[in-house]
Amino acid sequence: MSTPALAIRQHLMRLGRRQAGASAVLGAVQHLAPATALAFSVAVLDNLVALPEAVRLIALVSLVALIGRGLWMMLVPLRQRVTPERTARLVEDATGIRDNVVINGCQFAAESESTRRRSKGEAIFIATAVAQATTAVESAPLQGFYQVRPLLRWAVASMVGCTLLMAYAIAFPDRAANAAARLLRPLADVPPLGAVLLHVDPAADLIVDEGSSLTIRIRMSSADGRGALTGVIPEVVHA
């Protein structure tokens with residue numbers, strides 16, 4: 001294969017691999033954005049109004065479906081076979097190159113692998129087709145081919161969703177943990193977080209020797225993270 005013919009096919013292979021990677025990322029962020037938005041909305045609403053089991057179950061199923069489809073849409077482009085011919089078609093469709101210039105040049109470049117003897121006119125025709133394809137690809141705007149605009153748009157949306165979730169978890173860790181537990185186990189008996197938290201010390205199971213005493217302390221704190229509440233709770237002493 002001549003050097004220009006080999007170069008155009010190798011160039012199309014590189015473009016195809018990059019496009020597959022861009023499509024995989026796009027498939028992921030297109031589903032990550034609504035998934036984070038759904039998780040954040042459910043967490044906030046559940047903390048405010050204590051969503052019923054049915055609503056939390058629907059939200060969980062929807063969240064799992066979004067994540068599963070996002071993984072699938074990410075894997076599909078990576079599993080597709082990349083060929084110069086397929087990439088040539090994608091480039092033509094995305095950039096508006098007409099007259100099948102790229103695919104013709106690509107196929108003529110593959111034809112140049114043949115060992116059969118050609119006339120001077122055939123060799124010139126093939127070289128011209130390859131040169132036209134090379135020029136068309138190198139001068140074409142590839143933003144549409146790589147889907148740059150939707151990729152950036154969905155990536156920003158995903159970053160916003162992730163930022164909101166992290167900010168909520170940092171600002172209200174107890175409420176976020178409670179909302180996550182209720183969302184992940186919608187049919188379990190996980191009560192919503194109240195306005196007051198009770199902290200028991202000791203909090204673990206203990207074995208008390210016969211005749212010995214055990215002091216149990218209870219501390220109240222606000223569930224919104226503002227710290228301990230005023231008031232005195234007497235110590236409970238088991239003797």
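**Salt bridges, rings and cysteines**

Glutamate 85 has a relative accessibility of 26% and counts as partly exposed. Buried means under 20% relative accessible area, exposed over 50%, and partly exposed in between, with a 1.4 Å probe and protein chains only. The model is predicted: local features need pLDDT of at least 70, side-chain atom pairs count only at pLDDT 80 or more, and totals for chains, interfaces and linings use all residues. Residues are numbered from 1 along each chain as its sequence is written, and side-chain values use heavy atoms, with hydrogens and water left out.

The partner of glutamate 85 is arginine 9: the two form a salt bridge, with the closest N and O atoms 2.8 Å apart. Arginine 9 lies in helix 1 (residues 3–49) and glutamate 85 in helix 3 (residues 84–95), so the bridge ties together parts that are 76 residues apart in sequence. Helices here are DSSP runs of H or I with at least four residues, numbered from the N terminus. Arginine 9 counts as buried, at 15% relative accessibility.

A search of the whole structure finds three salt bridges, each defined as a side-chain nitrogen of Lys or Arg within 4 Å of a carboxyl oxygen of Asp or Glu. Aspartate 46 and arginine 182 form another of them, with closest N and O atoms 2.7 Å apart. Aspartate 46 belongs to helix 1 and arginine 182 to helix 8 (residues 173–184), so this pair connects parts that are 136 residues apart in sequence. Both aspartate 46 and arginine 182 are buried.

Arginine 89 and glutamate 92 also meet in a salt bridge, at 3.4 Å from N to O. Both sit in helix 3, three residues apart, and so are separated by about one helical turn. Arginine 89 is partly exposed at 41% relative accessible area, whereas glutamate 92 is buried at 5%.

Turning to the rings, the structure holds three aromatic pairs. Tyrosine 168 and phenylalanine 172 form a tilted one, 5.5 Å centre to centre and with 50 degrees between the planes. Rings of Phe, Tyr and Trp (its six-membered ring) pair if their centres lie within 6.5 Å; planes under 30 degrees apart count as stacked, over 60 as edge-to-face and the rest as tilted. Tyrosine 168 is buried, with 13% relative accessible area, while phenylalanine 172 is partly exposed at 33%. Ring pairs link Phe40, Tyr168 and Phe172 into a cluster.

Cysteine 106 is buried, at 0% relative accessible area, and cysteine 162 is partly exposed, at 28%.

Notes: Helices (H or I, at least four residues) and strands (E, at least two) are DSSP runs, numbered from the N terminus.
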